[in-house]
Amino acid sequence: MSNSASGKNPDNNHYIAELELAVGDVIQELGWDEDIDFEFRNGLEDALGEEFLTEEDREPVDAVLLWWRDDDGDVADLTDALEDATTNLDEDAPIWLLVPRASQPGHVSPTDISEAATVAGFRATTTAGVSEDWLATRLEPAVAH
């Protein structure tokens with residue numbers, strides 16, 4: 001049995017698979033607010049078996065979850081947020097940018113995501129529909145080390 005199938009809550013392992021994470025990965029969560037999808041967030045945390053680190057934590061992480069909405073700022077602000085998200089990010093580790101779906105208030109266009117990612121030194125690779133209201137885009141360093 002693979003490591004990703006042995007989470008504390010196996011019912012939530014689909015979250016791990018969808019985001020290409022593994023049980024025990026250390027994740028930092030940024031941009032949390034009352035409008036996030038708590039079922040997805042808590043299910044992922046349960047499946048990983050680890051509490052997410054907050055903005056204040058300073059230890060190395062295997063991935064960052066960055067919640068972002070249109071009213072959080074423009075492309076330049078998103079670029080800054082992506083650059084800030086790399087502070088504790090392990091080399092070549094991804095940022096999962098979570099934005100509201102097109103049908104939801106606060107939607108961020110794929111063009112804006114791509115532009116901000118490129119300027120911040122990332123490239124968008126895959127998108128996962130993590131919930132009815134939120135999409136996650138995997139951003140990887142544009143130049144692997």
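Analyst: Start with Ala 142, which at 42% relative accessibility counts as partly exposed. Buried means under 20% relative accessible area, exposed over 50%, and partly exposed in between (1.4 Å probe, protein chains only). The model is predicted, so local features need pLDDT of at least 70 and side-chain atom pairs pLDDT 80 or more, while totals for chains, interfaces and linings use all residues. Residues are numbered from 1 along each chain as its sequence is written, and side-chain values use heavy atoms, leaving out hydrogens and water.

Where does Ala 142 sit? Its place is the segment after β5. Helices (H or I, at least four residues) and strands (E, at least two) are DSSP runs numbered from the N terminus. Leaving aside residues up to four places away in sequence, Ala 142 touches Gly 121, Phe 122 and Arg 123. Contact here means heavy atoms within 4.5 Å. Asp 62 is 80 residues away from Ala 142 along the chain, and 17 Å separates their C-alpha atoms.

Take the touched residues in turn. Gly 121 follows helix α4, and its phi is positive, near 90°. Arg 123 belongs to strand β4, and Glu 140 to strand β5. Arg 123 is partly exposed, with a relative accessible area of 43%. Glu 140 is buried at 19%.

The side chains of Glu 140 and Arg 123 meet in a salt bridge, 3.3 Å from N to O. This pair links distant parts of the chain, 17 residues apart. A salt bridge is a side-chain nitrogen of Lys or Arg within 4 Å of a carboxyl oxygen of Asp or Glu. A network of salt bridges takes in both residues, together with Glu 20 and Arg 138.

Now step back to helix α4, residues 110–119. Ile 113, Ala 116 and Ala 117 are its buried residues. They fall within an arc of 100° when seen down the axis of α4, so they line one face of the helix. The arc is that of the directions from the helix axis to the C-beta atoms. An α-helix has 3.6 residues a turn, so residues three or four places apart point the same way. On the other side of α4, Thr 111, Thr 118 and Val 119 are exposed.

What do the buried residues of α4 pack against? Their neighbours are α3 (75–85), β3 (95–100), β4 (122–128) and β5 (134–141).

α3 itself lies across β1, β2, β3, β4 and β5.

That brings us to the sheet. How many strands form it, and in what order? There are 5 strands in an open sheet, ordered β1-β2-β3-β5-β4, and the pairing is mixed. β1 (27–30) and β4 stand at the edges with a single partner strand each, so one side of each has no neighbour in the sheet. Two strands pair if DSSP finds at least two bridges between them.

β1 pairs with β2 (residues 63–67) in the parallel sense, over 4 bridges. Leu 30 has Leu 66 of β2 as its bridge partner. Helix α2 (residues 38–48) lies across β1, β2 and β3.

Are they buried or exposed? Glu 45 counts as buried at 15% relative accessibility, and Arg 41 is buried at 11%.

Arg 69 and Asp 35 meet through their side chains in a salt bridge of 2.8 Å, N to O. Arg 69 lies in the loop between β2 and α3, and Asp 35 in the loop between β1 and α2, 34 residues apart. Arg 69 is buried, with a relative accessible area of 6%. Asp 35 is partly exposed at 39%. In total, the structure holds 7 salt bridges.

Note on methods: Axes are lines fitted to C-alpha atoms, for helices over the stretch in contact, and angles run from 0 to 180 degrees between N-to-C directions.
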